[in-house]
Amino acid sequence: MLSDGHVKQSVLRLALSSRVDLDECARNISKCGSDQTCSNFYGGYSCQCPAGHRLGTDNTCVDIDECAYSNTCSILSTCVNTPGSYHCVCSPGFRNAPSNDKVCVDVDECSEDAACEHGCVNTWGGYRCTCGRGYELGKDNSTCVDIDECALAASSRRGRLCVGTCVNTAGTYRCQCPPGYRESDDGRSCIDIDECESGEATCARPGPGEVCQNTRGSYHCHTIQCPDGYRLDGKHTCKRIAEYCPVRDNSCLRRPSAYSYNFITFVSNIYLPSGSVDLFTVHGPSLAEAQLDFELGLVGVQAAPGVQPARLSCFDMRPTARQCTISLLCSLAGPQVAELELTMSVYQRDQYIGNMVARIIVIVSEYNY
Ligand SMILES: [Ca+2]
Ligand SMILES: [Ca+2]
Ligand SMILES: [Ca+2]
């Protein structure tokens, strides 16, 4: 006889002699055990075991082991039998629901004691820490460590983050340009400052003969000093004062009729996809039956310490009947300045009639951008 988990043992007695009920419970003459509840009824009484107990064979109450049979504990918990009942001991990350020790619910560690430096995401049975942009989770899974984007990019094949220098900072990075450049609007590139244009350039003596040549990341000052017997003509040319040489004055004829100064600048280690790049072309005079003869020389090289100076073999000369083109064959490192001299001798009907000199000042800047 089961009712509400209580186990009843009822005793019916025949009361033939009297129609008055005897209350065995009240009289304390029932055979109910001390842990049982006695319930009187007309003509008998019953003994009830406490909840969670069943009546044993010898009429004593025995605890029911709910864990051994059916229980409501989920797989996330362990059933623990108790006298008269049981409860569910929750797995780590879970705890009993308020006022229900047979149900386990997830602990929201984020709203409690989770030690996350930046962010926290609650998960079923646990939680995880998150980090803000530019940070990654440390080995302790709770603190956030700055990502070195510069080192990461350098070790990956994605290429450089910055044209200039990459500077790692907390949570991000920035690109830095050397003096002589300004940062581009996107912050990644370096844009050359034209110091000659802006007036920042401090060339020795501004005025005739002083040439300010802007270069990538810097500028170059060059003073054109015309040799004796020459005068500055325009900005970049020295002309022989004696325009015509006296007849048979060979020493006069051997002197160039003009020196022109030509400035060419490019970046360090310039990429030469086809192996060479044309630098400069000098054209011959428009004389009838003129023959031209060209000669190329390296006047001098100023290279920074540790920089391989340009050699004459780095330059090629392609003369034709009317002109001559100078090209670069080497990917020169900078900073350095090389000065070339291209002498063009002019003949007419096999008669030497004079020469001109083109000075080519090749300025290689320090950086490759
Ligand atoms: Ca949780
Ligand atoms: Ca960083
Ligand atoms: Ca510049």
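Good morning. I begin with one residue, Arg359, which counts as buried because its relative accessibility is 17%, below the 20% limit used for that class. Please keep in mind that the model before you is predicted.

Which residues meet Arg359 in salt bridges? One of them is Glu339, whose side chain meets that of Arg359 with 3.1 Å from N to O. This pair links distant parts of the chain, with Glu339 in strand E28 and Arg359 in strand E29, 20 residues apart. Both Glu339 and Arg359 are buried. Arg359 also forms a salt bridge with Glu341, and here the closest N and O atoms are 2.7 Å apart. Glu341 likewise lies in strand E28, 18 residues from Arg359. With a relative accessible area of 21%, Glu341 is partly exposed.

Let us turn to another pair. Arg349 and Glu289 form a salt bridge whose closest N and O atoms are 4.0 Å apart. Arg349 sits in the loop between E28 and E29, and Glu289 in the loop between E24 and E25, 60 residues apart. Are these two residues buried or exposed? Arg349 is exposed, at a relative accessible area of 56%, and Glu289 counts as exposed at 51%. In total, the structure holds 8 salt bridges. Among the residues involved, Arg231, Asp233 and Lys239 are linked in a network.

In soluble globular proteins, nonpolar side chains tend to be buried together. The largest nonpolar core here has 27 residues, and those with the most contacts inside it are Phe315, Ile326, Leu332, Leu342 and Val362. Strands E23, E24, E25, E27, E28 and E29 each give two or more residues to this core. Which of the elements gives the most? That is E28, with 5 residues. Leaving aside residues up to four places away in sequence, Phe315 touches a number of residues, including Leu279, Leu296, Ile326, Leu340 and Val362. Apart from this core lies another, of 11 residues, among them Ile224, Tyr259, Ile361 and Ile363.

Next, a sheet. Three strands form an open antiparallel sheet in the order E24-E27-E26. E24 and E26 stand at the edges with a single partner strand each, so one side of each has no neighbour in the sheet. On average, neighbouring strands of this sheet are turned by 20° against each other, direction ignored. E24 and E27 pair over 6 bridges, and His283 stands opposite Gln323 in E27.

Ligand 2 is coordinated by Asp146, Ile147, Glu149, Asn168, Thr169 and Thr172, at 2.4 to 3.0 Å. Along the chain these donors are spaced D-I-x1-E-x18-N-T-x2-T. Asp146 counts as partly exposed, at 23% relative accessibility.

What are the protein donors of ligand 3? They are Asp192, Ile193, Glu195, Asn214, Thr215 and Ser218, lying 2.3 to 2.9 Å from the ion. Their spacing in sequence is D-I-x1-E-x18-N-T-x2-S. Glu195, in helix H3, and Ser218, in strand E20, are 23 residues apart. Glu195 is buried at 5% relative accessibility, while Ser218 is partly exposed at 31%.

Thank you for your attention.

Conventions:
Residues are numbered from 1 along each chain as its sequence is written. Chains are lettered from A and ligands numbered from 1 in the order in which they are written. This is a predicted model: local features need pLDDT of at least 70, side-chain atom pairs count only at pLDDT 80 or more; totals for chains, interfaces and linings use all residues. Side-chain values use heavy atoms; hydrogens and water are left out. A nonpolar core is a set of buried Ala, Val, Leu, Ile, Met, Phe, Trp, Tyr and Cys residues joined through side-chain atoms within 4.5 Å. Buried means under 20% relative accessible area, exposed over 50%, partly exposed in between (1.4 Å probe, protein chains only). Helices (H or I, at least four residues) and strands (E, at least two) are DSSP runs, numbered from the N terminus. Contact means heavy atoms within 4.5 Å. Donors are N, O and S atoms within 2.8 Å of the metal (3.2 Å for Na, K and Ca); water is not among the atoms, so sites may look incomplete. Two strands pair if DSSP finds at least two bridges between them. Axes are lines fitted to C-alpha atoms, for helices over the stretch in contact, and angles run from 0 to 180 degrees between N-to-C directions.
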